[in-house]
Each structure stands twice: as structure tokens, then as C-alpha cells.
Amino acid sequence: MPYRKQKKSPSIMALPRKAIMIFSVMIMLFAVLPVQAREGARAQEFVVTAYYSPKPNQCCYFRGNYEAEIAFNGGGVRSADGTRVYAGMLAAPPNYPFGTMIELPGLGVGTVHDRGGRIIEWSKGVHRIDVWMCEGEEGLARALAWGTRSVKGVVYPEGLQSTSK
């Protein structure tokens, strides 16, 4: 059997140094972000609904058929700002710039990339937003399970980030 030269693994001392450097940078970042986020963040009342991207030949549709579902939910491949749709992406009224982050109980932090005809600011300061769930039957099931929820969220203006994990 021929002799094979084994690859050298990183030295045992190099790993802790790298880990310490990464940890130090993270500590510095997290020391700054909470202050930055608190200064621009604001609480907001939301009515949160869910939407999905239908597929042809699903077993069932909320609106009865594929065409009606597309008319109601849109095609669901790209958002209004051109971002490819993903679970947790948000559709918000036009006064929320694309890239705005919103923290929602039961969901976490989502980013605004989409708009919608029914996505508006309601009276009494309540804003309606939509969260994209998935595509096909799985997306429909998730959207129906989510339903409609009234929650108090935190809005982080574009450029600011949530400090929650």
C-alpha cells in the first residue's frame, strides 16, 4: 500500500486565537447595536396576516382554484423590490421602506420586501402587514394556521438591526 502524506491540521493554538478574535469582534458589535437599535426603534400595533405562493395542481386552494389564488396572493416568485420570496419575508404599507426590520411575537424578526393592495395603515394607528409563509400546499397550510393576529411589534428603521436572537 502506497504511503499517503496526511494534510496538516491547524495548530491547536491557532484555533483558540481565531475563536478569541471572532468572539471579541462579536462582543464589540453587540455592545454598539443595542444602543443604536433603541434610539431608532419604535413600538407599533399590527394586524398580521399570512400569504403564500400557490402552485398549479395543488390539492386545494383557499379561493377555489389556481387562477383565483394568483389574483389574491400574486405569483409569489419575487417580491415588490425584486427579492426572491422566502419564509418570514414581510409585505408592509408604502411608508415602510424596503429593508425595514420588524420584530413580531410568534415570528421573530422579518424584513420588508413586499407590498400589497390590502396592506395598509388602518385607523387608530394599527398597521396591516403580511408574512410570506411558503409555496404550494405547505404554504397554504401555514398561512391558514397563522390566521390573523393582532400583535404589538417593534419596528427597526432601515439600517438598524434588531438585538434579539
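Of the 165 residues in the chain, 33% are buried. The structure is a predicted model, and its chain has 3 helices and 6 strands, which follow one another along the sequence in the pattern α-β-α-β-β-β-β-α-β. Among the contacts in the chain with a separation of 6 or more, 69% are made by residues 24 or more positions apart.

### The barrel

The 6 strands close into a barrel in the order β1-β5-β2-β4-β3-β6, and the pairing within this barrel is mixed. In general, strands of a sheet pair through backbone hydrogen bonds, either parallel or antiparallel. Both senses can be followed from strand β1, as the next pairings show. Strand β1, residues 42-53, pairs with strand β6, residues 149-156, in the antiparallel sense over 7 bridges, and within this pairing Ala43 stands opposite Val154 of β6. With β5, in contrast, β1 pairs in the parallel sense over 7 bridges, and here Val47 has Arg128 of β5 as its bridge partner. Strand β6 also pairs with strand β3, residues 101-104, in the antiparallel sense over 3 bridges, where the bridge partner of Glu103 is Val154 in β6.

Glu45, in strand β1, is partly exposed, with a relative accessible area of 38%. Leaving aside residues up to four places away in sequence, Glu45 touches Gly125, Val126, His127, Val151 and Lys152. From C-alpha to C-alpha, Glu45 and Ser150 are 7.3 Å apart in space, although 105 residues separate them in sequence.

### The nonpolar cores

Which residues of the largest nonpolar core touch the most other members? Among its 16 residues, these are Phe46, Val48, Tyr96, Ile102, Leu104, Ile129 and Val131. The strands β1, β3, β5 (127-135) and β6, together with helix α3 (136-146), each supply at least two residues of this core. A second, separate core has 6 residues, including Tyr51, Met89, Ile119 and Trp132.

Ile129 touches Phe46, Val47, Val48, Thr49, Ala91, Ala92, Pro93, Ile102, Leu104 and Ile119, when residues up to four places away in sequence are not counted.

The count of aromatic pairs in the model comes to 2. One of them is formed by Phe46 and Tyr96, whose rings are tilted at 45 degrees between the planes and lie 6.3 Å apart, centre to centre. Because Phe46 lies in strand β1 and Tyr96 in the loop between β2 (90-91) and β3, this pair ties together parts that are 50 residues apart in sequence. Phe46 is buried, with a relative accessible area of 1%, and Tyr96 is likewise buried, with a relative accessible area of 1%.

Asp130 lies in strand β5. Is its side of the chain buried or exposed? Asp130 is buried, with a relative accessible area of 8%, and a polar contact of 2.2 Å joins its side chain to that of Thr49. Beyond residues up to four places away in sequence, Asp130 touches Thr49, Ala50, Tyr51, Met89, Leu90, Ala91 and Ile119.

Thr100 is found in the loop between β2 and β3. This residue is buried as well, with a relative accessible area of 2%, and the side chain of Thr100 reaches the backbone oxygen of Pro97 at 2.7 Å.

At the start of helix α2, residues 66-73, a side-chain oxygen of Asn65 comes to within 3.2 Å of the backbone nitrogen of Glu67. Just after α2, Gly74 takes a positive phi of about 85 degrees.

Two arginines lie over the faces of aromatic rings, as listed here.

| Arginine | Ring | Distance from the ring centre |
|---|---|---|
| Arg118 | Phe72 | 4.0 Å |
| Arg149 | Trp146 | 3.7 Å |

Terms used:
Residues numbered from 1 in each chain as written. Predicted model: local features only at pLDDT ≥ 70, side-chain atom pairs only at ≥ 80, totals over all residues. Heavy atoms only, no water. Pairing = 2+ DSSP bridges. Helix = DSSP H or I, 4+ residues; strand = E, 2+ residues; numbered from the N terminus. Core = buried A, V, L, I, M, F, W, Y, C linked by side-chain atoms within 4.5 Å. Buried < 20%, exposed > 50% of the residue type's maximum accessible area, 1.4 Å probe, protein only. Contact = heavy atoms within 4.5 Å. Phe/Tyr/Trp six-rings, centres within 6.5 Å; stacked < 30°, edge-to-face > 60°. Lys NZ or Arg CZ within 6 Å of the ring centre and 35° of its normal. Polar contact = N/O pair within 3.5 Å; in protein donor to acceptor, adjacent residues only side chain to side chain.
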